[in-house]
Structure formats: structure tokens, C-alpha cells
Amino acid sequence: MQQAEERRVDDAIAQDEVAIRVRGLRNSFGDQVVHEKLDLDVRKGEILGVVGGSGTGKSVLMRSIIGLQMPDAGDVCVFGESMVGRLDDEALAVRKRWGVLFQGGALFSTLTVAENVEVPIREYYPNIGPQLRDEIAAYKIRMTGLPAEAGPKYPAELSGGMRKRAGLARALALDPDLLFLDEPTAGLDPIGAAAFDDQTRKLQQTLGLTVFLITHDLDTLYSICDRVAVLADKKVIAVGTIEELLALDHPWIQEYFNGPRGRAATAAVEREKNKAASTSPEGRR
Ligand SMILES: Nc1ncnc2c1ncn2[C@@H]1O[C@H](COP(=O)(O)OP(=O)(O)O)[C@@H](O)[C@H]1O
Ligand SMILES: [Mg+2]
């Protein structure tokens, strides 16, 4: 009896620390099984990087967490609510707590940046009047590091990096607790990508966000991710810090992190650390 009670308490505590809990997920398209018995926990307040070869199902995983892809089996809990197939008010309340930046940005090309940012506000808070909506949009645009002048522009008038920020502003429109980013730095030059990463980290820290971040970008993984989940063989084969992952001898993980690009990224991080240690009197932790 007591054991069951204790277990419930443990579960409640664990639940409290977990923003997203995926269990036994299966996704398929016709004969093609993309995920089988996939488990994953995303902890509250972390930036979890999600990596895996092209076509391993990273975007499908994100889509099944946010309810755009109905899984064949399994459960997805977000902030303790089981979400699969739910359309009721409680599920809607959870849905309002996340923002999404889709692969490629997916801005509406016929709407200005400000109008794009206003889309989720119109959808979820129809009672908010136009003036307040404008103010919220302007604030979100500035938060992502875009100049206020970007608001009335159309996506086609912006650089790739600015479009990504506009997408980020839209993802932040509802003051989310949870942010989904699908390949946010793909297609950006290294400087633009690093600036976007910095912005993501800053926002995550100031707003206390949990971030589910799909990326190919080794620099992103090294510089801003607290942990990394590796998708292969239809499931999450490992989750941990990069150091922990490097200790595993899975061929894809070794190839990915210990290949030439992985070594270059490690070296760059080491250089930054040494630079910081030599310029600050206490050094870095
Ligand atoms: N709507 C869909 N219909 C059919 N197949 C799909 C669909 N979405 C994704 N797939 C397939 O599922 C696999 C995983 O896709 P995806 O999650 O987009 O990969 P990635 O890891 O590159 O993001 C791919 O083989 C892709 O072709
Ligand atoms: Mg993808």
C-alpha cells in the first residue's frame, strides 16, 4: 500500500520535472514504419537538441508531439496532460502554452511580419482588440532582435536570418512555456546561425522556456543544448550531454560527433572556454 503511495508521489515529482513525456510511440506511413516503441523525456527548463540522420523522423516526432500527426500507438504527455487525440478544453489550454517554428519557417507570404505574429493571437484570443494585438506583435518582433521596421515588411523582403526571427516571434506570440524549433539555423550562414543560437539561449533563460530543438548543426548542439537526444533505428537510442553520448560506441553517434565536423566543433568550444577562462579573473565553471 505504502509503496504504491510512494510511487505515486515519485511519479508526481518526476512528472513535475518533465515537460514532455513520450512513451511507446509508433508512427508509420503505409508500410514505412518511422517510429517504433519510441520513448523520450524532455525536462522542464532545458534545451534538448534532437539529432538524427535525414529522414529518421525528427519532424514527424515533433508533429506527433504537437498533435499534427496521429500516432498508431503510444502516449504523449505535455505538462502532465495526455495529449493524443484530445480536442477538449484542457488539451487546448496545454496547446496554448507552446509555440512552434516549423522547418523552413513557414511564414504566410501574403501577410506582413506583424500580421504573421498576430495569427496565433487572433486564433486563440479572438477577444484581444487590434491595438493590443499590434502592441503584442511589435513587442515580440523586438524580442527576437528584429528592428521595429521589420513589422510592416513581407517575408520576401527579409533576409533568411530575419525570416527565421520573424518565425520565432510568431512562435513566441502567446508567451509560451515550451518552444519547438525545427532546424531553425538551416540555410543560415555561420554568423547568422550563431546569432540565432545566442538569441534562442537568451530567450530561453530570460523566459524560463523549455526548448525542443531539432538541428543538424553541431555548433548549435555544442553551444546551447543542455542535452541531446539521438534518433536512430526508429527510436531515441540515447539522451544525454554530448560528453555522455561520446562515451557510447554506437556507430552513428561516433561518426557524427567524432567525424571531422564534430571534432572542429569541439575544438571551437574548447577555444571559447579557454578564452573566457583567461579573460575572467575567476575563470569559468
Ligand atoms: N506526410 C507524410 N506522408 C508520408 N511519408 C512521410 C510524411 N511525413 C514524413 N514522411 C516520411 O517519414 C520519414 C521521416 O520524415 P521526417 O520526420 O520529415 O524526417 P527528418 O528526420 O528528416 O525530419 C521520411 O522517410 C519521410 O519521407
Ligand atoms: Mg525534418
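In the predicted model, Phe-79 is situated in the loop that connects β4 (73-78) with β5 (81-82). The backbone of Phe-79 adopts a phi near 50 degrees, a positive value in a residue other than glycine. Because 19 C-beta neighbours fall inside 10 Å, Phe-79 is classed as partly exposed; the threshold for a buried residue is 20 or more other C-beta atoms within 10 Å.

A positive phi, near 50 degrees, is also found at Asp-175, again a residue other than glycine. Asp-175 belongs to the loop between α6 (160-171) and β7 (178-182). With 12 other C-beta atoms within 10 Å, Asp-175 is assigned to the exposed class, since that class comprises residues with 12 or fewer such neighbours.

The loops that hold Phe-79 and Asp-175 form part of a protein chain whose secondary structure amounts to 11 helices and 10 strands. The C-alpha trace extends over about 55 × 55 × 45 Å along the principal axes.

Of the 285 residues in the protein chain, 33% are buried. Among contacts with a separation of 6 or more, 66% are accounted for by residues 24 or more positions apart in the protein chain.

Notes:
Residues numbered from 1 in each chain as written. Chains lettered and ligands numbered in written order. Predicted model: local features only at pLDDT ≥ 70, side-chain atom pairs only at ≥ 80, totals over all residues. Helix = DSSP H or I, 4+ residues; strand = E, 2+ residues; numbered from the N terminus. Contact = placed C-beta atoms within 7 Å.
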